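The following note sets out several points for the attention of a colleague. Please read each point alongside the coordinates.

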Amino acid sequence: METKRPVAALYGVMAEFDDTTALVEAARRAYAEGYRKFEAYSPFPIHDLFEVMHIRDKRVGLLVLLGGLTGMCTGLGLQAWVSAIAYPLNIAGRPYLSWPMFIPVTFELTILFAAFAAVFGMFGLNGLPMPYHPVFNVERFAMHASQDRFYLAIEANDPKFDRTATRSFLQSLGAKDVSDVEE
Amino acid sequence: MNSTSIKSRLAGSHGRVYWRSLGELADTPEFREYLHREFPEQASEWNDPKGRRQFLKLMSASLALAGVGACTKQPTEEIVPYVRQPEDLVPGRPLFFASAIPFSGVAHPVLVESHMGHPTKIEGNPEHQASLGATDTFTQAAILGLYDPDRAGAITNRGEIKPWGLFLSAMLSAGSQQKGRQGGGLRFLSGPITSPSMAEVMASVLAAFPQAKWHQYDPMSSDGARAAALAEGAVGDPIYHFDKADVVVTLDADFLTCGPGSVRYQKDFATQRRITEERKEMSRLYAIESTPTLTGAKADHRLAMKASEIEGFGRQLAGAVGAPAPAGPSARATDPASVIGKWVAAISKDLQAHRGRSLVIAGDYQPASVHTLARSINQALGNVGSTVTYGPSVEAGPTDHAASLADLVRAMDAGQVEVLVMLGGLNPVYSAPVDLKFADKLKKVNLSVYHGLYVDETAFLCHWNVPDAHPLESWGDARSFDGTVTITQPLIAPLYDGHSAVEVLTTFTSQPDRRGNAILKDHWTRAFAGGPWTIRSADGQPFKNFDAFWRRALHDGFIRGTAIADGGPATPLSVMPAVPAAGAPAPTTQQAATPPVTPPPATTTPPQSAAAGAQGGLELIFRPDPTVWDGRFSNNGWLQELPKPLTKVTWDATAWVNPQLARERGLEDGDVIELRYRGNTARMPIFRVPGHPQQSVTVFFGYGRQKAGNVGNAPKNAEAFNAFLLRTSDAPWFGNGLEIAKTGERYPLAATQEHHVMEGRAPVRVATLEEYRKDPKIIEEQGETPPRTLTMYPEYKYEGYKWGMAIDIGSCTGCSACTIACVAENNIPIVGKEEVAMGREMHWIRVDHYFAGTEDDNTVEAYHQPVPCMQCENAPCELVCPVAATTHSSEGLNDMVYNRCVGTRYCSNNCPYKVRRFNFLLYQDWDTQSLYPMRNPDVSVRSRGVMEKCTYCVQRINQARIDAKREDRAIRDGEVLTACQQVCPSDAIVFGNLNDPNSQVSKLKLQERNYGVLETLNTRPRTTYLAVLRNPNPELEPASRSTTEH
Amino acid sequence: MKAEPVYAPPPVIEPGHTFQTVTEQIAGIVLTRRHPYSWFFGLFVGFMGSMMLLMAVTWLLIKGTGIWGVNIPIGWGFAIINFVWWIGIGHAGTLISAILLLLKQDWRTSINRFAEAMTLFAVVCAGLFPLIHTGRPWLAAYWLLPYPNTMGIWPQFRSPLIWDVFAVSTYLTVSLLFWYVGLVPDLATLRDRAKSLPIRRLFGVLSLGWRGAARHWERYEEAYLLLAGLSTPLVLSVHTVVSFDFTIGIIPGWHSTIFPPYFVAGAIYAGFAMVLTLAVPLRALYHLEDFLTMRHLENMGKVMLVTGLIVGYGYVFEAFFAWYSSNIYEQYMVYNRMFGPYWPFYWALILCNIVMPQLLWKKSIRTSPAMLFFISMFVNVGMWLERFEIVVTSLHRDFLPSSWGWYWPTRWDIMTFFGTIGLFVMLFFLFIRVLPMISIFEMRTMVPAAKVKGGKAH
Amino acid sequence: MSQIFHRTTNIYSRLSILAAIVLAATLGGGVALLHLSGYNTNQNMYVEQPLQFSHAHHVGGEGIDCRYCHTSVEESAFANIPPTKTCMNCHSQLWTNAPILEPVRASFRDNKPLRWTRVHDLPDFVYFNHSIHVRKGVGCATCHGRVDKMPLMYQQANLQMNWCVNCHRNPAPNLRPRDQVYNMAWERPANDPGLGERLLKEYNIAGPGQLTSCSTCHR
């Protein structure tokens, strides 16, 4: 981790912590410090982190709702159209629109569409897939971020970002190791 | 599987266990494993018993099938127009020709439907008194017989194919040799001949060869009746008129399903018993019989006794009604006189109360003495002339067949027979009495000629084989049971180079090699000019010329005025003068031609004396098989697969025993027993039949064939199931001294119905006439019908036509002609025994059969219920089909769209009537070319994996609708006849438009005995039933009456 | 974390584990070169079974359903029995993942992954049967799906079979998504632990470049929760719809309102039984005692006991309704099940599904892996017998005695059935080889160190 | 080296998703088009015939009525393909030795039928009936097109089920007065929009309920 190396474009600076508490604390401090464009990385979800970073994305829920409604309309509409308009047939003496019989399919389609919305919506909002990301340039990050270490990265495009100041700030948080993240 | 374990289970279960199926009782691993050895799936898949559908073909077929539904291209097809189109033919529309299908020489009048020159369906001839539009099963199935790929294909001499010319010269030389000896070594063997033209040819042959002899043999014909008739001189043959009979007593007679008159008899009998708005009375039937028959099943009172005891009963009855009876044994001493006495008293009282309106019938399989008794009783009751008329025989030169054959065999044995010509495919090597040893004696004949449809057991031992021409391929004439001369005309050129019997016979006349057409026309030209016949046109006037007469005869299919009733003569066995001359034919020729009259042979003497009853034992009763008769239909898959009445067993013969006897001997259905009888032995799987005489065993002819063809040949383990192995000439129909032994072997039987009790569900509803008169609601009360308002949905309206069907099970005799008619009309495949055993038969209309009564008293009631698709308005099948392959038409038909069906079988599961049928394998025979032209072009040929079912013959409905629309009118009532309705001899099935209040079906459905099966499910079946009404004699009201459980 | 209850349940992870050890032990199973011979054996057995299935199905397509024992009246035989059986088994996974998640049952974490995998494979096996049971799948495939076609004709949406098509395919899809979403962070872990570049790239692609950012985790958790919320009604609906296949019919023994609940209970029952059947050997085989603790096994035992009782309740009430309705057809159906020709099946069913599970009342048995395995085996068999009862004994004697019949499977039926078991085994063994069979990242949250000092959440 | 992907991979990963969708769509569309194409339906496809019979010449040129050859069109399901005799009615006088007619003369001479290839070939499970359509005022040209302008016969309609069903649902637009049925050139009068409905009543043609019942065409 030689830090003197001249860096072309800088994505930000990254600090490594080795337990959850430190990370959460660091995140709180960073937020308090006025940093906004920073991101915490952990091998499993830490709910306190969401709080201290004030993360709350309602769009996923909204997408799911929309998905569900679309599914419901599709299901009901399809069946009604097929049975009453496209080719009305006398089935077992039932009327063309014997709607109680249409409930199961409607339900299934509701669920299906909602589920699609949830998953693809989530990945979409997370900007995944994104196989390449600057943070992976940090070797230790690539090794440990998904296993047993915790990271806080403050991005260069944060208005308050100042290379040296931010570095020292991060170190002050008791980071085990602070390193530049190249673009 | 040992019987003790079955017995223990039997003991455990109670009630009518003996009607439960073998399988139900014997469901043990061993039995299963055994079954699998019997029907290894592999074997049945790789080499099909019918030997046609081989694996590879099937594979290709089913792969080809993959295309049928999927988006593959239509294969390119050709159109091949005529070069010169026949005048009367409209391509795409069938033509109908009147013709006749002879059965044991007697004509069954038919109309044959022909599509572009292929006969495809046989209907009864509605104009003809012997049919009135109906036919029996055999006649229906004749269409398959025509196209049977196993038919004899060529004239052969010692196995080498020879042209007709060579055969002709061979016969001519044989003839010229015989000429010198007056034909001393020349013998002819044929069945009974009723054909005037053939009789004349025969007469001329016999005239040309005075020493030659003509022998008649039909293994199933009734020598007893014939002997009795001969004894009466010229006028001994009875014709019954059930439309006049109020009380009918049968002495072991199965007049409803056996005998040439049965079709017409069923009609009259049914009419006489049908309760309608107009008719409130019905006739009463007492059946005194040995083997249970369908006639017995219709009886209001049925008394079972040994066949040998019938005569005694008849004698007592005669005594009771004061009819002169020849001396002989009286009713059995063993039996408590009370029962017999009670019955005799009651019946005779009833008979005397209906003098002139009653009728006593002797069974064909009873000796002459019983026929004589019946006749004298009828005379005493003044029935002769009203319910029965005795007239001349329709057979030319009737004679005792057993004696005639014995005579021939004696001659063969003595080496007197140099040339033997066997006409008309009666297969004596298989069917002659064993004691004659026909096969051995045949070897002593220098020149044997066999003429028949198949290369059968006899053909294999003869020098010359000449293929017979199927009735649908040949010209000819024959008389129906009522004497009407009926014309047979060809609808198609002989498929297998066949020649009719008369054509073969002419080779011995002065003008050999005449074609059937010429012979026939020549005969009737002369007969028209002057003969014993009184030929009249429909309006009773004589025809102006022969052509008018002949055109009419061919159009009608029969010659009016030739019926016995219209004064038609006995079929003359004589040569008519070539030159038209007034007056009767020369008696001299008559004299010359009369066949050797044989003295009344042993058979006509009461068998129990001849049958050496000394050694006691059981009584053995012989019967023709209900579906393959004496084996002449063995190779007809339709008939083989037709469930046999009362047992519903297919493809096999069974020996019938009374359940009680079975218990005594520790026998279960399917146990193979060995029958020892007068030094002969045969084997047969048994079947327990309630109502069977306790001390008798009935065996059926027609099985154990070895040279019948791919369909009819018996499997190795069934070759001994041949009743002919036991038949001796002195006891053709029954006799004492039978010993049976359990072999320990089991033989799997394939039955289409295993369970014959109603389990309190009353699919068949029954009441006595009295009960019904008192309270017509009694029928309705036997089931519950939910109110039509019981639904959350609005009701579907049916404007226009609203098709429905009413089936009168009071009239249904269970003859199953409807099943065969349906098979023929709707291209229904044969599936084979293994598939039937697995429960995969394809019949669209089945005839359910239920017993009621208890084992011990023999007053068993049997009911028959034809079950087609109910065409439910709330069809459970439609609701569950995922692809809408079965939906409701605007006329209320439950349509089945084969090409849409994916084969989930859900519809069948959900059908409470289980009338749907599924092509589990590729059942339809796609490979046998000769079967293509047989199929009905108006009905799709279903393929593998497709559900199918009764459509109410929608092809006929559509044709009728289109015709009606083209004429801007509505379809008339009765214009559309479903195949089952059209064939039904007792008019039990009526189909029509329910929206027309005047249609016959609407009227029937108004009757209070009209009910729907399982209406409690709110399926709203369009097919409903008219309940059975029985008319018991209060004095004999059987205890078991109430056991039609409800 | 929730407030400490008076009774502290045994931990779902043995003490002494760190993030590192958890990761190593679970991911190690996938990334190591060495693995027990028993794995090869299992895979081989599964492969052989699959080949047998292939053979049976090929012959079926060539010949048609006639090679099976089905007939009229018993139009459905093994195919549908097995379908329902597999679908039932296929319920545990999603159920564990979804419902237990909603119920905050943290012990689910160590079993949900392979339970979900099991679900997927079971549904695959199940889905096979409706396809082939027509003998002509090429038609079923394209007539059952609603799409504009040149015939202008559509599926018949009143048929439960169409409902099945939608329910099962939806269930398969959603389960797959659920499973995959759960896998993504672990795939990232594997990506980062793998040695060779190709493997890393492979996992890299599969993990979509997951990097564990807090914002991602937030959306991730919300989506996962919603997915659970959706799967819960779905999983209940699927077996309800399957039960409609019977209840919509009018056959006595099918046409019954208690079917939906008791089918669902039965499904959970069967599902947990199968999870146990797999968990017990896996645990021993890969030394996962630390993660699959006794608590898991015991809890599953309890669930089986409860659902087993519900199922028993179903049987009792089937008989009760028959008696109470005084409907002769229903009554005969029940009588026929108990004392008819197929009576051994009924009593075997009672033994397997009702009697044996009662042992689970005893804690010593609930905590004995061997016994649990033994009992779960009985339940697997019992649930199959239940479907046999419903399909065969209901159909073989319905309304008209004249059309009563017989069913007996042929060798092809049996080959197909065991074939699918083989397929299932093969897929499962492949799965435990190439993917972490326990959710690593969720296990990490179970490590004491995951707890944020003075934190509120968790 | 800790990066296992180049930065451009991000673009590719997104593109690949798009590509997959596009690919699926094109495949589906392709299959659909093939299914609708003449390759599958034989629409507008010429077929090899034993001799080059020209409807354009006989109908358009000579003005021979359809029924002269297709005799049973009014009474049967099958309109009939004329027997060789019909051809010879004229061609025993006309063009008696035109080489093109040799197959006809041969057929007539040695009594061997001409083997035509079907142009309009419905599946065997479809039961179409000419007589009723003709009777109800559906013109020949409605389904067969301007045969009088076809030197060689080809199938004008695609004959797929929804093509049939569309007319069965709403026959009015395809009806014409009975006397115009065989008139190839008949045009729907622009000044009489109500004609179809009027004929519908006049010929009392069944409603869609009956016309779209399965058993109307399938048995």
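Which backbone oxygen does the side chain of C:Lys195 reach? The points below begin with that residue; the model is a predicted one.

1. The side chain of C:Lys195 reaches the backbone oxygen of C:Arg193, at a distance of 3.2 Å. C:Lys195 belongs to the loop that lies between helix 7 (160-193) and helix 8 (197-206) of chain C. With a relative accessible area of 77%, C:Lys195 is exposed, because the threshold for that class is over 50%. In the sequence C:Lys195 and C:Leu31 are 164 residues apart, yet 8.6 Å separates their C-alpha atoms.

2. Chain B contains 33 helices and 40 strands. Of its 1046 residues, 67% are buried. Among the contacts in chain B with a separation of 6 or more, 75% come from residues 24 or more positions apart.

3. Between strand 18 and strand 19 (residues 485-488) of chain B, the antiparallel pairing extends over 4 bridges. Within chain B, B:Asp477 has B:Ile487 of strand 19 opposite.

4. In chain D, helix 10 (residues 195-202) has as its buried residues D:Leu195, D:Gly196 and D:Leu199. Viewed down the axis of helix 10 of chain D, these buried residues fall within an arc of 95 degrees, and therefore line one face of the helix.

5. The interface between chain D and chain A involves 15 residues of chain D in contact with 16 residues of chain A. About 1300 Å² is buried between chain D and chain A, and carbon and sulfur atoms give 53% of that area. D:Ser2, D:Gln3 and D:Arg7 together supply 40% of the area that chain D buries against chain A, more than any other three residues.

How values were computed. Residues numbered from 1 in each chain as written. Chains lettered and ligands numbered in written order. Predicted model: local features only at pLDDT ≥ 70, side-chain atom pairs only at ≥ 80, totals over all residues. Heavy atoms only, no water. Buried < 20%, exposed > 50% of the residue type's maximum accessible area, 1.4 Å probe, protein only. Helix = DSSP H or I, 4+ residues; strand = E, 2+ residues; numbered from the N terminus. Arc of directions from axis to C-beta. Pairing = 2+ DSSP bridges. Polar contact = N/O pair within 3.5 Å; in protein donor to acceptor, adjacent residues only side chain to side chain. Contact = heavy atoms within 4.5 Å. Buried area = accessible area lost by both parts, 1.4 Å probe.
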